[in-house]
Amino acid sequence: MNVFHHFRDRVLAAVGTLQAAGRLPADLDLSRVVVEPPRDPAHGDLSSNVAMVLAKPARSNPRALAEMVAGALADGEGVVAVEIANPGFLNLRLTPAFWRERIRDVLRAGTAYGDSAMGQGRAVNVEYVSANPTGPMHIGHARGAVVGDALAALLEKAGYAVTREYYINDAGGQVDVLAASTHMRYREALGEEIGAIPEGLYPGDYLRALGEELAAQDGDRWLAAPTEEWLPVFRRRAIDGMMALIRDDLQALGVRHDIFTSERSLVDSGAIERALEVLEARGLLYTGVLEAPKGKQPDDWEPRPQTLFRATQSGDDVDRPLRKSDGSWTYFAADIAYHFDKFRRGFATQIDVWGADHGGYVKRMQSAVAAVTGGEAALDVKICQLVNLMDDGEPVKMSKRAGTFVTLREVVDAVGRDVVRFIMLTRKNTETLDFDLARVREQSKDNPVFYVQYSHARAHSVLRHAREKLAAADLSPAALAGVQLDGISDPAELVLIRQMAQWPRIVESAAEAHEPHRIAFFLYDLASSYHMLWNKGKDDASLRFLVRDDENLTLARLALVQAFALVIASGLRVFGVEPVEEMRA
RNA sequence: GCACCCGUAGCUCAGCUGGAUAGAGCGCUGCCCUCCGAAGGCAGAGGCCAGGGGUUCGAAUCCCUUCGGGUGCGCCA
């Protein structure tokens, strides 16, 4: 049960009754009515703004309206008291018995607890990573990868049909540079002294293996061949090699995609022409001359006519070029075709996860999506701010040239996949994130991964002890769901239950906002409530989970503990993090 | 010059799409282990939500503006 939906329905039913009785106008907009947990627990268990939102259209005052609704709710099931507070809040207090039943909800659902039908099976496309295939992934890529992956999982949990997609930028000039760099390594592998890698080419060691592989397979047949001959071959092989590298990195992170779409295949298939025809037909293409940007004038600026997209018509600041001076398509042109292609594949909702350096690109892409789909598709872009790699408070200096470049793989090997994933989700995407190699391995409270995992391990520690002491009892979640729960009554226990009952609500709000980080904070708070309860048991032996000579109470508390562990596991599952049952020593 | 993002406790950050007396961790002060894992917990101090206008029953949240920091600005992707 989603407690908040349940009571919103009951509040609306009460309003409906009052409408039927002619005590409220029939035509009220109820969309802004919410039921939520009050910020201050002293205000009760649930709070509704119904009276304040409806007062004006009902030509009443909040208090009077609240009195009416309260009267219709007061003797409802599970309700102890309905109170009307200051500006017109309607505050509900629920019976402990009502809250105890939520334990059963969790135990029956397992890690599927929190699943929502909100998405109604609607198709959503999430595109993430899309790193250029020119080398291995670094820590910055990892953030986008994890955010995209977790967002996809979150949307699935909220009932959307999600497709996870990777766009391979294999059509631009960069892959030619990659091919040339690979050719140098190939010559090197054949014994040639190549010296330093020239400026402008990729110096990375990771191309050595590729050069050697090509030398071993093809011998020296490309050594004296003209560039036009070896370039396409090396380009293809290099892209494949780099994508293999990236796929390995993604696998190490546990990030997966359903579809990899190649920019080059789009170009070759004529998809760009098709997309631009649509824009042409809508009168959104023209030939014009752009003004140089003020303030930062490029040295080689020359005004010249080019094919432009009327991006200003749908929210962008300037119209955007679609062709380079050599006649080939700009990246933007291909990207329009790509998003149009996604639309034609049935995605009216598209989400792109990009790096911070692409912030200036958002408006034009949204403008293009609106234009090319006639406003039928919407694009949301999540810009991930930079990741600062630190070690015990000191920034880790990274420079590709100096060879102090830290790859994602090295970080994953050092601290573990789950740690990387969780930490990447502990900040809102718009905030920069410090990733401290020393701190994330710390086993203390200020390391959220540890703190959450520790709470889960503690819960399983209790269950392990219980299995020893109550060897005869069935302690599976299904069995615990049928246990007598009356003994659960301590305020700290009820706090924990109330918090678990928020999980379905957190899923929906985080999914709606496209903000997976909210789950990290929820899990931290939930873990905190558990640690608190645990500690109360240290001060007061009667609150310990395993109660000597009282098997009924013990079973009830085990049900609570098991439910808690399941909610934590359910949240970690969205993050793609494995909940641990025991902390390593 | 323009656009986008950010500005909340000494530090790092939440703040549930406009709700009640603005929260957490770190750091600081003082407490709690014969006992299911103290790798934890409790209590205290700490705020003009960058400044100024506006919208309304109600603003950290929405709009305008000023200041400060970051990112980007045709033929890179």
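Let us begin with Q120, which sits in the loop between α4 (96-109) and β5 (123-127). Helices (H or I, at least four residues) and strands (E, at least two) are DSSP runs, numbered from the N terminus. Q120 has a positive phi of about 50°, although it is not a glycine. Is Q120 buried or exposed? With a relative accessible area of 62%, Q120 is exposed. By definition, buried means under 20% relative accessible area, exposed over 50%, and partly exposed in between, with a 1.4 Å probe and protein chains only.

Before I continue, please note that this is a predicted model, in which local features need pLDDT of at least 70 and side-chain atom pairs count only at pLDDT 80 or more, while totals for chains, interfaces and linings use all residues. Residues are numbered from 1 along each chain as its sequence is written, chains are lettered from A and ligands numbered from 1 in the order in which they are written, and side-chain values use heavy atoms, with hydrogens and water left out.

A second residue with a positive phi is D549, where the value is near 65° in a residue other than glycine. D549 is found in the loop between α19 and α20, and at 78% relative accessibility D549 counts as exposed.

Leaving aside neighbours within four places in sequence, T407 is in contact (heavy atoms within 4.5 Å) with P136, M137 and H138.

Now to chain A as a whole. Its secondary structure comes to 20 helices and 15 strands, and its C-alpha trace spans about 85 × 60 × 40 Å along the principal axes. Of the 585 residues of chain A, 50% count as buried. Among contacts between residues at least 6 apart in sequence, 73% join residues at least 24 apart.

What of the interior? In soluble globular proteins, nonpolar side chains tend to be buried together. A nonpolar core here is a set of buried Ala, Val, Leu, Ile, Met, Phe, Trp, Tyr and Cys residues joined through side-chain atoms within 4.5 Å. The largest such core has 134 residues, and those with the most contacts inside it are V69 and F435. Helix α20 (residues 551-575) gives the most to this core, with 15 residues. Apart from it lies another core, of 32 residues, among them L279, I336, A371 and V381.

Finally, the RNA. How many residues surround RNA strand B? There are 69, and the closest are R39, F89, Q443, S461 and R544; a residue is near the strand if one of its heavy atoms lies within 4 Å of it. Sugar and phosphate account for 61% of the atoms of RNA strand B that come within 4 Å of the protein.

Individual pairs of atoms can also be named. In the side chain of S325, an N or O atom is 2.4 Å from a base oxygen of RNA strand B. For Y451, an N or O atom of the side chain is 2.4 Å from a phosphate oxygen of RNA strand B. A polar side-chain atom of H465 lies 3.1 Å from a sugar or linking oxygen of RNA strand B.

Which element gives the largest share of the surface near RNA strand B? That is α19, with ten residues.

Definitions and conventions. A polar contact is a pair of N or O atoms within 3.5 Å; within protein, one must be able to donate a hydrogen and the other to accept it, and residues adjacent in sequence count only if both atoms are side-chain atoms.
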